[in-house]
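Subject: Handover of a structure and notes on its contents

Dear colleague,

Please find below the structure that I am handing over to you. I would ask you to keep it open while you read the notes.

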Amino acid sequence: MPCSPPLFQSVRHYVRHLFPTRRSASVTSRKGQTAPAANESAKEQANPAAPGEPIEYDSTPRFLVCNSCWETGLFAQALFQDAWTSQRASYTGFSHATTWDKLQTSSKSGCQWCSLVLSTRTPAIQQDAVQVAVQFRVSSGTNGETPKGVQIMVLGINGVPHSSYYVYTKRDDPSASSIVARDKLIQVNSPEARAMAQECILQCVRKHGRCLAPHDTALPTRVVDCSDPRNPKLHLSSGEKAPYVALSYVWGETQSNRLTTANVDAYLRRIDPNLLPRTIQDAIETTHSFGLQYLWVDALCILQDDRDDRAHEIAQMRSIFRQAYFTIIAASAQKASDGFLHDRPATTPHDVTLPFRCADGNVGTMFLSPIWRQYDGSTEPVNQRAWCLEERLLSPRALVYASHTLQFHCQTAVVNVGDAVCGPIAGQRLPDLLLRADSEIPTVFIPSDHRSLRWAWVDVVGDYTQRATTKPGDKLVALAAVAELFQRAWNSDYLAGLWRASLLRDLLWYKSLETRFARPTRYRAPSWSWAAVDGHVLAGSADDRLDPDVDATRRCEVLACEVVPATPLLPLGKVVSGTLRLRAVLLEATWNPDSPTPDLFMPEGATPTVTPGHPESPTSSLYTTEPIHIGCAYPDSLEDASEIWAVPVLWNESAQYAAGLIVASMGDEEGVFRRVGYFHSPEDSPGGLSWMLGHEPQEMTIV
């Protein structure tokens with residue numbers, strides 16, 4: 001069955017008004033005669049305005065373009081059909097010559113096509129003559145855009161492709177039999193929207209081999225019974241098996257009506273929905289309307305005033321979201337009281353409305369949506385919060401109530417419900433390998449799988465560290481469920497955000513220079529962990545020159561690395577301490593951490609070590625009293641450390657490249673340091689690695 005059943009008549013009337021039309025009772029033709037109104041036959045509308053003459057807009061698609069475009073340009077019947085029907089052929093496309101002056105005149109008269117072409121002109125284009133080319137093609141889908149087979153229009157200027165647009169239309173438009181994509185759903189809580197969303201879920205359950213099929217699973221400890229949305233109540237699970245829905249949302253404010261030890265008995269009898277925030281009310285309504293009885297929502301299913309219960313339930317987060325029939329993601333709600341079932345805005349300001357010449361002679365309407373302006377979810381409130389990342393990544397299926405429409409996400413696809421265009425959205429899913437059953441995970445990975453998992457972890461940490469937590473102490477806790485998945489695959493100890501199996505490479509995480517924050521005053525992780533600081537983190541070196549599996553790569557020695565979890569209930573969560581012991585070269589250095597692009601220097605008076613016979617030994621010009629540039633520095637936070645040392649962690653003598661830690665002394669404790677930054681070799685250092693080679697390594701502790 002298709003994922004978008006026909007809309008009911010009432011919604012069809014609604015959809016017709018999604019895009020504003022400019023209407024007049026009549027249109028003045030070139031001969032000064034009065035053209036018929038929009039509701040008269042198309043045959044009587046034969047004399048639209050010519051280029052340069054003001055266009056009084058009719059509701060019909062014909063009057064979106066000037067006479068020249070309609071009769072001899074792209075929108076002439078034969079020319080348009082030639083271009084449109086050649087999507088899958090080796091067709092060079094429609095092309096015509098005009099001038100920028102003509103385009104500007106027609107644009108001022110209201111021609112939408114001439115306005116679009118005119119918008120491509122840049123100050124660098126001086127000549128008046130212009131060659132405009134148009135080609136329609138079918139998307140291959142390799143970039144992840146949906147629906148399958150969505151058409152794209154490529155606009156070329158003077159022989160060079162300039163811009164590309166997705167093509168879509170309305171469901172009841174004459175062009176709907178030719179155009180694959182539809183306009184976006186606005187009424188996300190309508191029966192039609194629910195029917196389309198339900199069909200997407202069923203398609204996933206029945207046909208998606210990559211997706212986890214629903215199966216009998218025990219309910220979480222507590223769920224909300226939504227069988228009567230006006231009288232929901234708390235349900236204590238006794239091990240029974242039933243499908244349930246999970247809710248992922250932003251609290252954004254204090255919830256006064258939440259589960260506590262004082263009200264649990266009352267909630268078992270009834271929860272007054274009028275006292276709940278709008279988002280939870282909407283989730284109860286949605287669960288019921290999709291035919292399910294149970295809903296898991298943290299505020300009502302975890303005892304908020306019981307530390308042990310909170311730790312126990314957080315430890316179950318992986319199974320809670322992984323086993324849910326689907327997850328409701330209230331993506332657009334900034335706070336719990338906002339809700340998510342309201343109608344979405346109808347406007348699409350960057351889209352262009354144009355006529356579509358159908359093969360049967362009818363005239364429909366098509367819309368062009370710039371490929372580079374597609375929704376990617378990055379600004380949604382839910383994508384700014386740390387907890388919400390693992391809730392999305394763990395969910396096998398999700399209905400995402402986005403700010404513009406309703407989406408369906410699963411391991412196989414990301415679609416706008418109702419077949420509206422959905423551009424590629426990166427980082428939404430984990431590799432399939434992580435989601436297999438324990439018995440299906442290999443003990444040894446092939447190189448491609450190893451790289452896939454490695455990059456997936458880097459992406460997760462990069463996304464996660466750009467998000468906020470209400471409680472800073474949750475920095476490791478809110479990612480623990482995702483870390484569990486990786487631990488199952490890697491079978492490695494998890495060390496406060498790093499992995500023992502790849503520890504040296506993981507130590508080389510670094511902060512984006514665009515985000516610098518003060519170092520947190522309260523302890524939450526050892527300084528060598530990215531969880532100790534705030535801001536966007538790039539998790540570990542990705543430079544092939546420092547690949548630990550390559551023979552040319554040299555390394556310092558890890559003597560020991562241990563962390564102490566705050567509770568045994570959450571072994572991958574919060575830690576109370578952590579130590580790293582290395583045997584490595586320790587060299588005094590200086591830096592300029594307040595610079596927009598900090599650097600690392602060998603201090604004045606120091607002398608590079610000459611390695612006998614080394615092909616890159618420094619020249620005598622390096623023996624100066626000036627500081628020598630030895631690395632590019634990345635401070636972990638707004639640091640006040642003035643006395644620092646460089647600790648090379650990985651280096652490649654053949655490539656003359658190294659990366660390591662910048663550390664500062666812990667004070668009176670000899671040989672104990674804290675990490676304050678990361679460095680790597682500059683690409684143009686004349687002395688190469690001469691500054692560090694030949695020095696004796698020493699034991700040190702980093703806390």
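The notes below begin with the basis of the model and then go through its parts in turn.

**Basis and confidence**

This is a predicted model, in which local features need pLDDT of at least 70 and side-chain atom pairs count only at pLDDT 80 or more, while totals for chains, interfaces and linings use all residues. Residues are numbered from 1 along each chain as its sequence is written, and side-chain values use heavy atoms, with hydrogens and water left out.

The pLDDT is the predictor's confidence in each residue, from 0 to 100. Its average over the chain is 88, and 88% of the residues score at least 70. Residues 1-58, however, have a pLDDT below 50, and this stretch has 115 contacts in the model beyond near neighbours in sequence. A contact here means heavy atoms within 4.5 Å. Residues 609-624 also stay under 50, with 23 contacts beyond four places in sequence. Where pLDDT is low, the predicted coordinates should not be read in detail.

**The eight-stranded sheet**

Helices (H or I, at least four residues) and strands (E, at least two) are DSSP runs, numbered from the N terminus. Two strands pair if DSSP finds at least two bridges between them. Eight strands form an open sheet with mixed pairing, in the order β9-β8-β11-β10-β12-β15-β16-β17. Its edge strands, each pairing on one side only, are β9 (233-236) and β17 (414-416). From one strand to the next, the twist averages 30°. Within this sheet, β10 (residues 244-248) pairs with β12 (residues 326-329) in the parallel sense over four bridges. Ser-248 has Ile-329 in β12 as its bridge partner.

Helix α6 (residues 191-207) lies across β12, β15 (397-401), β16 (406-410) and β17, and runs at about 10° to β16. For such angles, axes are lines fitted to C-alpha atoms, for helices over the stretch in contact, and the angles run from 0 to 180 degrees between N-to-C directions.

**Helix α10**

Which residues of helix α10 are buried? In this helix (residues 307-314), they are Asp-309, Ala-311, Glu-313 and Ile-314. Buried means under 20% relative accessible area, exposed over 50%, and partly exposed in between (1.4 Å probe, protein chains only). The cover over these buried residues includes β8 (222-225), α9 (298-301), α11 (317-322) and α12 (386-394). At the start of α10, a side-chain oxygen of Asp-306 comes within 3.1 Å of the backbone nitrogen of Asp-308.

Thr-120 is placed in the loop between α5 (112-118) and β4 (129-138). Thr-120 counts as buried because its relative accessibility is 2%. A polar atom of its side chain lies 2.6 Å from the backbone oxygen of Val-117. Beyond its neighbours within four places in sequence, Thr-120 is in contact with Trp-100, Leu-155, Ile-157 and His-162.

Leu-155 belongs to strand β5 (residues 151-157). Leu-155 is buried, with a relative accessible area of 0%. Leaving aside neighbours within four places in sequence, the contacts of Leu-155 include Trp-113, Val-117, Thr-120, Val-134 and Tyr-165. The C-alpha atoms of Leu-155 and Phe-94 are separated by 9.8 Å, although the two are 61 residues apart along the chain.

**Salt bridges**

A salt bridge is a side-chain nitrogen of Lys or Arg within 4 Å of a carboxyl oxygen of Asp or Glu. How many salt bridges does a search of the whole structure find? It finds 22.

- Asp-183 and Arg-171 meet through their side chains in a salt bridge (3.0 Å, N to O). Asp-183 lies in the loop between β7 (181-182) and α6, and Arg-171 in the loop between β6 (160-169) and β7, so the pair ties together parts that are twelve residues apart in sequence. Asp-183 is buried at 1% relative accessible area, and Arg-171 is buried at 18%.
- Asp-463 forms a salt bridge with Arg-467, with the closest N and O atoms 2.8 Å apart. Asp-463 is partly exposed at 24% relative accessibility, whereas Arg-467 is buried at 8%.
- Glu-699 and Arg-583 also meet in a salt bridge (2.9 Å, N to O). Glu-699 lies in strand β31 (residues 698-702) and Arg-583 in strand β24 (residues 575-584), so the pair ties together parts that are 116 residues apart in sequence. Both residues belong to a network of salt bridges that links Glu-557, Arg-581, Arg-583 and Glu-699.

Yours sincerely,

A colleague

Key
Polar contact = N/O pair within 3.5 Å; in protein donor to acceptor, adjacent residues only side chain to side chain.
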